Each structure stands twice: as structure tokens, then as C-alpha cells.
Amino acid sequence: MLRKSVLVSLSALILALPGHSETLQDALATAFQTNPSLDVQRVELGIAREQLNQARGARAPTVDLSASGGYESLDSNQPIAFNVGDRPIASAQLQATLPLYTGGRISAGIDRAQAGIQAANAQFDGAAQDLVLSVVTAYVDVIRDREAISIRANSVALLEEQLRAATDRFEVGFATRTDVKQAEARLQGAKASFSGAEAQLEASLSVFEVFVGAAAGALEPVPDAPDIPDAYEAALQSALAGNPDLIALRQAEKAAEQAVRSAKGESKPSLSLV
């Protein structure tokens with residue numbers, strides 16, 4: 001009966017898979033389109049670019065337009081008076097201001113915004129690398145756990161045959177009751193391993209769907225791993241130079257330095273053309 005249930009479980013698993021095979025590249029492409037963490041980083045990058053536009057806009061002239069209007073009534077007791085009576089009044093003023101010197105505040109603001117863009121780019125790259133690692137891990141885990149279920153199912157089927165053979169030998173006197181009990185124990189252990197493999201697969205499928213944003217289909221084998229540096233020192237130098245988290249921190253430091261420069265510029269005189 002267990003062998004039948006095992007085969008039913010495997011059949012249900014196979015029928016649940018889509019008809020087409022999914023590659024690791026397909027899973028990564030889907031994850032990059034649907035992952036909310038990357039969407040947040042894209043928004044942060046857009047904010048950083050808008051801040052640069054605002055910083056550059058501080059160099060442009062500003063135009064102020066003001067106007068006022070009203071109604072006045074003038075009266076006089078003089079026998080001869082001019083400009084008396086009721087009349088509307090209105091005035092308007094247009095003023096353009098172009099900054100000529102701001103003590104370095106504008107250039108510091110631009111440099112700060114540019115460093116912010118570089119930091120946002122690095123943070124996006126870091127989030128993308130984390131997502132790639134998570135997707136690859138989840139992808140491989142699903143393949144591993146599906147193979148484990150297949151192996152466990154074959155083991156259960158084999159032990160069922162061994163138990164049947166031990167029972168037949170016991171009935172004709174060629175085996176002892178101990179042999180039968182040992183075969184039953186091995187079968188029960190295989191059943192427990194199969195149930196554990198099923199639970200592990202369900203967990204891996206859930207993790208896959210969390211990171212990829214879609215259920216796992218029939219997964220193709222993973223491609224060969226990329227080449228890695230031959231020596232530890234080479235790997236360390238590559239990590240120090242290209243790690244996106246370190247790049248983001250360096251750019252954040254530059255942005256902080258420019259913020260200090262801008263604050264110092266507040267104490268300097270400014271000159272504008274009006």
C-alpha cells in the first residue's frame with residue numbers, strides 16, 4: 001500500500017509541473033521583474049537622480065512676479081482739488097535673480113547629489129547580487145529535493161520487496177522472525193525518510209516562490225559555475241574593489257564630505273545679479 005501511495009505522490013508531483021522546462025536564467029529574469037526589494041531600490045535611484053536635477057537647478061535664474069490691486073476713494077474740503085474721487089489702483093513687479101557666487105554651496109550640492117546617485121547604484125547592485133544568490137540557492141534546493149524524493153521512493157519500493165521476500169522465506173522456513181522484523185524496521189525508516197523529503201521539498205518550493213515570484217516548474221540543470229580567482233589574495237582584492245556595499249559606503253562618505261563643504265559655504269558671502 002505504501003508503494004502505491006509513493007507512486008501516487010510522485011505522479012501528483014509530475015502532473016503539477018508545467019509542460020515546459022524552466023532554466024536558471026528564466027528564474028532570474030522573473031525574479032528581477034517581480035522582486036519588491038529591487039523595486040524599492042529603483043525608486044531610491046530615481047529619487048537620487050531627481051535630487052541631482054534639483055541641485056543643478058540652483059544655478060539657474062529665478063523669476064519672481066508680484067502684483068497687487070485695489071480701489072481707493074479720495075475726497076477734499078479744498079475749493080480746488082485735484083486727483084479726487086473714486087478710482088481703481090494696481091501695481092506689479094517682475095524680478096529675476098541669477099546667483100553669481102554662493103561660497104561653493106551650489107557646486108557642493110551637485111557633487112553631493114552625484115555621490116548619492118553612485119551610492120544608490122551600488123545599493124541596487126548589492127540588492128541584485130543578494131537576489132541572484134537567493135534565487136540560485138532556491139533553484140538548486142528544489143532540484144536537490146526533487147531528486148531526493150525520487151531516491152527515497154525507490155528505496156521504499158526496494159525495501160517493500162525485501163520485506164515481501166523475507167516474509168515468503170519465513171513462511172517456508174528459510175528465515176527467522178527476526179529477519180522479518182529487521183526488514184520491517186528498515187522499511188519504516190525509509191518511510192520516515194520519504195516523508196521528511198516531502199516536507200523538505202515543500203519548504204524549498206515555498207522559498208523558491210518567495211524569491212522568484214512564481215511557482216517552480218520543471219527545472220533544467222544549472223549551468224557550470226563561473227570561474228573564480230585562483231588565489232585568496234586575488235579574490236580579496238576583487239571583493240574590496242567591486243563589492244557594492246563597500247562602494248555604497250564610499251560614496252556615502254563622499255556625500256557627507258560635500259554636505260560639510262556646503263555647510264561651510266553658508267558662512268561665506270554670496271553675490272547675485274538682480
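I began with aspartate 141, which at 22% relative accessibility counts as partly exposed, a class lying between buried (under 20% relative accessible area) and exposed (over 50%), with a 1.4 Å probe and protein chains only. I noted that this is a predicted model, in which local features need pLDDT of at least 70 and side-chain atom pairs count only at pLDDT 80 or more, while totals for chains, interfaces and linings use all residues. I also noted that residues are numbered from 1 along each chain as its sequence is written, and that side-chain values use heavy atoms, with hydrogens and water left out.

I looked up the partner of aspartate 141 and found arginine 144, joined to it by a salt bridge of 3.4 Å, N to O; the term means a side-chain nitrogen of Lys or Arg within 4 Å of a carboxyl oxygen of Asp or Glu. Both residues lie in helix α4, 3 residues apart, about one turn of the helix, and arginine 144 is partly exposed at 43%. Helices here are DSSP runs of H or I with at least four residues, numbered from the N terminus.

Further along helix α4, I found aspartate 168 and arginine 164, 4 residues apart, in a salt bridge of 3.3 Å. Shared partners join Asp141, Arg144 and Asp145 into one network of salt bridges.

I then checked arginine 261, whose salt bridge with aspartate 111 has its closest N and O atoms 3.1 Å apart. My search of the whole structure gave 8 salt bridges.

Methods:
Helix = DSSP H or I, 4+ residues; strand = E, 2+ residues; numbered from the N terminus.
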